[in-house]
Amino acid sequence: MVKQAPIAVIAGGGDLPGLVIRSAMAQGREVVTIAIKGEADASLSAFNPVELGWGQIGKLFSTLKSKGVRDVVLIGSVQQRPDFTSILGDFGTIWRLPRIIRAVVGGDDHLLVKVAGIFEREGLHVVGAHEVAPGLVANPGHVAGPKPDAKALSDMKIAIEAVDAVGRLDIGQGAIAVGARVVAVEGAEGTDAMLERVAGLRTNGRVRSKGAAGVLVKCSKPQQDLRLDMPTIGPQTIQKAAEAQLKGVCVEAGRVLVAHRDEVERLCNELGVFLYGCTRGEEAEV
């Protein structure tokens, strides 16, 4: 059996990088962890990371080359977009500067794709977290919690149509339908804030129902490059869905990550919120 080359995980914030690293290691892959200074979670110290700032692009590529890395995963949140003063660093950064500037000034919609292009020009292969950690990807059909009833399936279908519409406009990845109408779509604030907004609408009576009702749908955008930006839910999503008095959460099977799956399923069963994996173009069934 031919030994695979080491894989690098370039880690931003949140706990997803650690989950991906553990999954890769469980498969026998040697992992080189690169922690983005000021972004990566402190828990990554368990993986002996190389901590690099935005101005150390040259050191990044020399490190990957010295370790024999061929595949790279870019995973985790980045709260602050680097400015020009922060990327003026080592010599390797300076001679690559024109490419970096073109990426940074090109607009958020295409920033990650352009960053991936910089890695590919260095002879590296950018792979998605779902390729390295397939166990994190949502499965099709009923996953956990109570099975969705006919009303929930109807709300699910309506919310999927809404997500398709906002996704094509590159606005967001989520929508909530309650009582056969869309009551919220995700914008720049993210899924958790959208759920909090719906909980507020419940409180002030703008959204009414007898008991729990409605569904959150989370899907990838039609044009989304899953290697670079894959939608994700986790335990907090289920908790906030329950607080918003929703019946369930629907995610696009194969195209949405479920972080801390065991905890997510436990919360679904405990709080009475279903989790369902949908496939575009197919009718969901109870």
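A nonpolar core is a set of buried Ala, Val, Leu, Ile, Met, Phe, Trp, Tyr and Cys residues joined through side-chain atoms within 4.5 Å. Buried means under 20% relative accessible area, exposed means over 50%, and partly exposed lies in between (1.4 Å probe, protein chains only). This is a predicted model, in which local features need pLDDT of at least 70 and side-chain atom pairs count only at pLDDT 80 or more, while totals for chains, interfaces and linings use all residues. Residues are numbered from 1 along each chain as its sequence is written, and side-chain values use heavy atoms, with hydrogens and water left out.

**View 1. The whole protein.** The protein holds ten helices and 13 strands. Helices (H or I, at least four residues) and strands (E, at least two) are DSSP runs, numbered from the N terminus. Of the 286 residues, 50% count as buried. Contact means heavy atoms within 4.5 Å. Among contacts between residues at least 6 apart in sequence, 75% join residues at least 24 apart. The accessible surface comes to about 14,000 Å², and 52% of that belongs to carbon and sulfur atoms. Areas come from the Shrake-Rupley method with a 1.4 Å probe; for residues, only the protein chains shown count as cover.

**View 2. The largest nonpolar core.** This core has 28 residues. Ile 176, Leu 246 and Val 249 have the most contacts inside it. Strands E7 (174–178) and E8 (181–185) each give two or more residues, as do H8, H9, E11 and H10. H8 supplies the largest share, five residues. Ile 176 touches Met 194, Leu 195, Val 198 and Leu 246, among others, not counting residues up to four places away in sequence. A second, separate core has 23 residues, including Ala 11, Leu 44, Val 132 and Ala 259.

**View 3. The six-stranded sheet.** The sheet is open, with mixed pairing and the order E6-E13-E11-E9-E7-E8. Two strands pair if DSSP finds at least two bridges between them. E6 (141–144) and E8 stand at the edges with a single partner strand each, so one side of each has no neighbour in the sheet. Neighbouring strands are turned by 25 degrees against each other on average, direction ignored. Five bridges join E11 to E13 (residues 274–278), and these two strands run parallel. Cys 250 has Tyr 276 in E13 as its bridge partner. H8 packs on the sheet and touches E7, E8 and E9; its direction makes about 130 degrees with that of E8. Axes are lines fitted to C-alpha atoms, for helices over the stretch in contact, and angles run from 0 to 180 degrees between N-to-C directions.

**View 4. Helix H9 and the residue after it.** The buried residues of H9 (residues 235–243) are Pro 235, Thr 237, Ile 238, Lys 240 and Ala 241. They pack against H8 (191–203), E9 (215–218), E10 (232–233), E11 (248–252) and H10 (261–271). Gln 245 follows H9, in the loop between H9 and E11. Phi of Gln 245 is positive, near 60 degrees, although the residue is not glycine. Gln 245 is partly exposed, at 36% relative accessible area.

View 5. Arg 29 sits in the loop between H1 (16–26) and E2 (31–36). Arg 29 counts as buried because its relative accessibility is 15%. Its side chain reaches the backbone oxygen of Ala 5 at 3.1 Å. Leaving aside neighbours within four places in sequence, the contacts of Arg 29 include Gln 4, Ala 24 and Asp 71. Asn 48 lies in the loop between E2 and E3 (50–52). Asn 48 is exposed, with a relative accessible area of 66%. Its phi is positive, about 50 degrees.

Note on methods: A polar contact is a pair of N or O atoms within 3.5 Å; within protein, one must be able to donate a hydrogen and the other to accept it, and residues adjacent in sequence count only if both atoms are side-chain atoms.
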